Amino acid sequence: MTTDPQIIAVDGPAASGKGTLARALAAHLGFHYLDTGALYRAVGLAMLDAGLDPHHEANAVKTAEILDIDGIDDARLRTDQISEAASIVAAMPGVRAAILDFQRSFANKPPGAILDGRDIGTVVCPAALVKLYVSASPQTRANRRFLELKARGEDVTEAGVLADVVARDARDANRAHSPLKPAEDAHLLDTSNLSIEAAFRAALDVIEQILPPDADRR
Ligand code: CDP
């Protein structure tokens, strides 16, 4: 039986379904799960709560360095305003560096861990055993995020959410540090026409072909 932690990287653009998928896979495999976007969101939220401008790099780095990881379950992290702030601070190399070690230690928790984000397969865990890159058309993603925000009582329009998603994708993909892109050895999963269950099955098929059969998992 292998004792090496098994790392699964799940990357992809905004509202591609990677969080839902990664959470379900982690529950199924008995692995730890980390939503790394929540870390950047928590930096953005802490700055706005403190009356700081998220564009101020030195303050963003300081905020990331003293980030209280227990605060990353806050429901307020999921608003549109915080998505925007997260993607601004996430473009700053000092912010990324401040939370890199935490992500890597988390990834190495036995028996295994699933991390979702933008740069897990490329930068945080380039040696991950399984890399999935989850995508969907911008319209599909905007529609999913619109329904999610509406259900939470946010005052949003679908066109507005689409514009935000497209702008955030562009910022995430074009930044100099850890841009959003599939790792060369990532398995691409387009969920545009897949139900949550179908996406889960497709991802599990890929994982089961790669993870050693004797891994310590359910
Ligand atoms: O849920 P959604 O895909 O909309 O966003 P998220 O995964 O919570 O990420 C929020 C923002 O954090 C993204 O737009 C990225 O700018 C940033 N992020 C990142 O740069 N690197 C990661 N590993 C995860 C998120």
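Predicted model: local features only at pLDDT ≥ 70, side-chain atom pairs only at ≥ 80, totals over all residues.
**Overall build.** I started with the fold and got ten helices and five strands for the protein. Next I looked up the box around the C-alpha atoms, which is roughly 50 × 35 × 30 Å along the principal axes. Then I checked the radius of gyration: the protein has 17 Å, and since a compact globule of 218 residues would come out near 17 Å, the two agree.

I asked which pocket the ligand takes up, and its space turns out to be the largest pocket. Helix 2 (36-49), helix 4 (80-89) and helix 9 (158-174) are the elements that each put two or more residues into the shell around the ligand. Helix 2 gives the most, with four residues.

**Who lines it.** I have 20 residues around the ligand, and the nearest are Lys 18, Arg 41, Arg 145, Arg 168 and Asp 172. Sorting the shell by type, I get ten charged residues, six nonpolar and four polar.

I went through the side chains one by one. Lys 18 has a polar side-chain atom 2.7 Å from an oxygen atom of the ligand. For Arg 168, an N or O atom of the side chain is also 2.7 Å from a ligand oxygen atom. Asp 119 faces a nitrogen atom of the ligand instead, with a polar side-chain atom 2.9 Å away.

**Buried or exposed?** Last, I checked how much of the ligand the protein buries. On its own the ligand exposes 530 Å², and the protein buries 97% of that.

Conventions:
Residues numbered from 1 in each chain as written. Heavy atoms only, no water. Near = heavy atom within 4 Å. Polar contact = N/O pair within 3.5 Å; in protein donor to acceptor, adjacent residues only side chain to side chain. Areas by Shrake-Rupley, 256 points an atom, 1.4 Å probe, with all protein chains shown as cover. 1 Å grid on protein atoms, 1.4 Å probe; cavity = no way out; pocket = protein on both sides within 12 Å on 5 of 7 lines; lining within 4 Å. Sits in = over half its atoms within 2 Å of the grid points. Nonpolar A, V, L, I, M, F, W, Y, C, P; charged D, E, K, R; others polar. Rg over C-alpha atoms; globule rule 2.2 N^0.38 Å.
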